[in-house]
Amino acid sequence: MLKPGYKIEVSTEREQHRMIPQKWVRHLVEGTLNAEKVELRSKVEVLLAGDDTVRALNEQYRAQDSVTDVLSFPASQSDNDFPNFSVSPNDIGQIILSVPQAKRQADEFSIDIKQEAAHLIVHGLLHLLDYDH
C-alpha cells in the first residue's frame, strides 16, 4: 500500500495527452518515492512534453541542441541552470519526458511505450534523489 502525502504534479502538453495517462505517472512516481523512503509532503513535477519543448529546454539549460528522452532539474540547484520553479524545502524537482522520443525508443526495443516511459521517469527521479551513473 502506498503512503499518502506526496505532492506529484503531472502536466501534459496537448499533443501528448493520450499517450501516457497522468494517473499512471503519479502512481509510478509515488511508488518510487515510497520505495526510496522519501519523506512525505515531498513534491515532484512531471511534464509529458513533445520534442520541441524538450529540445528547447535541453538547449537552454544543458547547451545541447538536440532532443533527449528525459531531463531532470533538481530543486536543490540554486543557480541559473534551473528552470523557474517555486522551491520550498520539500521540493525534489522536475522531470521532463519527451513522449515522442520515448515512443521511438519503445518501438526500437519492441516494448510498450509505458514500459519505456516508466524506465525514463524512474531514471529521472533517481537523478533527482542524487543517484548518479
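**A walk through the fold**

T12 has L48 as its bridge partner in strand 2. The chain gets from strand 1 to strand 2 by way of helix 1 (residues 22-35), and this β-α-β crossover is left-handed. For handedness, picture the strands pointing away from you: a clockwise path from the first strand over the helix to the second would be right-handed. Strand 1 (residues 7-12) and strand 2 (residues 43-49) run parallel, joined by six bridges; two strands pair if DSSP finds at least two bridges between them.

A word on what you're looking at: this is a predicted model, in which local features need pLDDT of at least 70 and side-chain atom pairs count only at pLDDT 80 or more, while totals for chains, interfaces and linings use all residues. Residues are numbered from 1 along each chain as its sequence is written, and side-chain values use heavy atoms, with hydrogens and water left out.

Stepping back, the protein has four helices and four strands, in the order β-α-β-α-β-β-α-α from the N terminus. These are DSSP runs numbered from the N terminus: helices are H or I with at least four residues, strands are E with at least two. Of the 133 residues, 44% count as buried (under 20% relative accessible area; exposed is over 50%, partly exposed in between, with a 1.4 Å probe and protein chains only).

Now for the rings. A search of the whole structure turns up one aromatic pair: Y61 and F73 sit edge-to-face, 5.4 Å centre to centre with 70° between the planes. Ring centres of Phe, Tyr or Trp (its six-membered ring) must lie within 6.5 Å to pair; planes under 30 degrees apart are stacked, over 60 edge-to-face, the rest tilted. Y61 belongs to helix 2 (residues 51-62) and F73 to strand 3 (residues 70-74), 12 residues apart. Both Y61 and F73 are buried.

Helix 2 also holds A56, which is partly exposed at a relative accessible area of 43%. Its C-alpha atom is 8.1 Å from that of S66, 10 residues apart along the chain.

Finally, look at the largest pocket, with about 180 Å³ of space. A pocket here is an open set of points on a 1 Å grid where a 1.4 Å probe fits, with protein on both sides within 12 Å along at least five of seven lines; lining residues have an atom within 4 Å of a point. The lining comprises 13 residues, with D91, I92, L128, L129 and D130 nearest the centre.

Definitions and conventions. Points joined across faces, edges and corners; volume = space filled by probe spheres on them.
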